[in-house]
There are 2 protein chains.
Amino acid sequence: MLTNSYQEQEKLILQLNEIYRQMSPKFERCTGISQSRLELLHKLMEVDEINQTELRHQVNIDSAAVTRHLKQLDEKGVVTRRKNPEDNRVTFVKLTEAGRKKIERYCKEKETFIKQVFKGISDQERAVLSDLLTRVESNVKDIEDEQPIE
Amino acid sequence: MLTNSYQEQEKLILQLNEIYRQMSPKFERCTGISQSRLELLHKLMEVDEINQTELRHQVNIDSAAVTRHLKQLDEKGVVTRRKNPEDNRVTFVKLTEAGRKKIERYCKEKETFIKQVFKGISDQERAVLSDLLTRVESNVKDIEDEQPIE
DNA sequence: CCTCAATGATTGATGGGTCAATGAATGGAT
DNA sequence: ATCCATTCATTGACCCATCAATCATTGAGG
């Protein structure tokens, strides 16, 4: 039945949102840091030094947000920034030693958190989930931005 | 292999976030209204009149957010509010006629949107997805809020 | 050399969310 | 009847995200 099928799809969307909305604040409380910020820092763990544009693309958040995060992290002594001497428009970002230490601890918390999220879900089921989410993600990417009503 | 399995789980979490972050703004542009606000209005479609606490529980967002949404929707003439004469603490909310008309149009847009999200995904696959998400959601709900680092 | 378009980073305005504090109304215990 | 805890709604302070505008720097073409 078409109606049923649609309502079920609607519910799925709600579920996706719900999971995100439940997970984000809990993640933050468990790990002591916001998800996007940890993502940012995680990237920085991998790369020694990186410029902000690159970082923005990797983490896929707005450059304004990147700037503001880094500014705060700089003030807290977690990262250092310096201009690229060969192009003064770009700024390089780098974790401090203290920063690295901290993040290792955050990542441990994150690991615990993630394990709980997938408790009782088998490898195979996660593979199925990953496949389905990938397809959903691709569909979302294809959606045209159209003119809103009015 | 444990490491692999963990990284895969990490990726799944990223995927969930990514989908939400991609979907929300697109949804908003396609339908012309934010997801949470439409959820709110959708509830109002079903119930004639409802008080804010009830609404908050149904939609599961903060009461401060509910208040602010309704205030704006009131100003736009989409909803009306009145005090419960039998208990002046609670306020009843109700869609106006104009509001209902508008929302019907929004819902049409939403339907188109949702169909695109699940394009190429069979009924059976959606059922599997629903089951997995439900279990993930339940796991998330069970996560204790612990003390953050530092 | 000088202009000008392009690029990277920043800032301001805005929207949406949370938590914590507050205000108003209620109802039960003494 | 009065006090007090509770409940609902609201407000203020804050965080985080986006978009659009701006600033500084660069490099290419006239």
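User: The expected span of a helix is 1.5 Å times one less than its number of residues. What does helix H5 of chain B reach from its first C-alpha to its last?

Analyst: H5(B) covers residues 97–117, which is 21 residues, and reaches 30 Å, close to the 30 Å expected at 1.5 Å a residue. Helices (H or I, at least four residues) and strands (E, at least two) are DSSP runs, numbered from the N terminus. This is a predicted model, where local features need pLDDT of at least 70 and side-chain atom pairs count only at pLDDT 80 or more, while totals for chains, interfaces and linings use all residues. Residues are numbered from 1 along each chain as its sequence is written, chains are lettered from A and ligands numbered from 1 in the order in which they are written, and side-chain values use heavy atoms, with hydrogens and water left out.

User: Which residues of H5(B) are buried?

Analyst: Gly99(B), Ile103(B), Tyr106(B), Cys107(B), Lys110(B), Phe113(B), Ile114(B) and Val117(B). They span an arc of only 125° around the axis, so they sit on the same side of H5(B). Buried means under 20% relative accessible area, exposed over 50%, and partly exposed in between (1.4 Å probe, protein chains only). The arc is taken from the directions from the helix axis to the C-beta atoms.

User: And which exposed residues are on the face turned away?

Analyst: Glu97(B), Lys101(B) and Lys108(B).

User: Switching to chain A. Which residues of H4(A) are buried?

Analyst: Val66(A), His69(A), Leu70(A) and Leu73(A). Those residues fall within an arc of 95° seen down the axis of H4(A), so they line one face of the helix. An α-helix has 3.6 residues a turn, so residues three or four places apart point the same way. Arg68(A) and Glu75(A) are exposed on the face turned away from the buried side.

User: What covers the buried residues of H4(A)?

Analyst: The cover includes helices H2 (35–47) and H3 (52–59) and strands S2 (79–84) and S3 (87–95), in chain A.

User: How do the axes of H2(A) and H4(A) cross?

Analyst: At roughly 75°, coming within 11 Å. H2(A) is therefore roughly perpendicular to H4(A). Axes are lines fitted to C-alpha atoms, for helices over the stretch in contact, and angles run from 0 to 180 degrees between N-to-C directions. Under 35 degrees counts as roughly parallel, over 145 as roughly antiparallel, 65 to 115 as roughly perpendicular, and the rest as oblique.

User: Which residues in H2(A) meet H4(A)?

Analyst: Ser36(A), Arg37(A), Leu40(A) and Leu41(A). Their partners in H4(A) are Val66(A), His69(A), Leu70(A), Gln72(A) and Leu73(A). Contact means heavy atoms within 4.5 Å.

User: What caps the N-terminal end of H4(A)?

Analyst: Asp62(A), with a side-chain oxygen 2.7 Å from the backbone nitrogen of Ala64(A). Just after H4(A), Gly77(A) takes a positive phi of about 80°.

User: New topic. Is Glu10(B) buried or exposed?

Analyst: Buried, at a relative accessible area of 12%. Glu10(B) is in helix H1 (residues 2–31) of chain B. Its side chain makes a polar contact of 2.8 Å with that of Lys110(A). A polar contact is a pair of N or O atoms within 3.5 Å; within protein, one must be able to donate a hydrogen and the other to accept it, and residues adjacent in sequence count only if both atoms are side-chain atoms.

User: What does Glu10(B) touch, not counting residues up to four places away in sequence?

Analyst: His42(A), Lys110(A) and Ile114(A).
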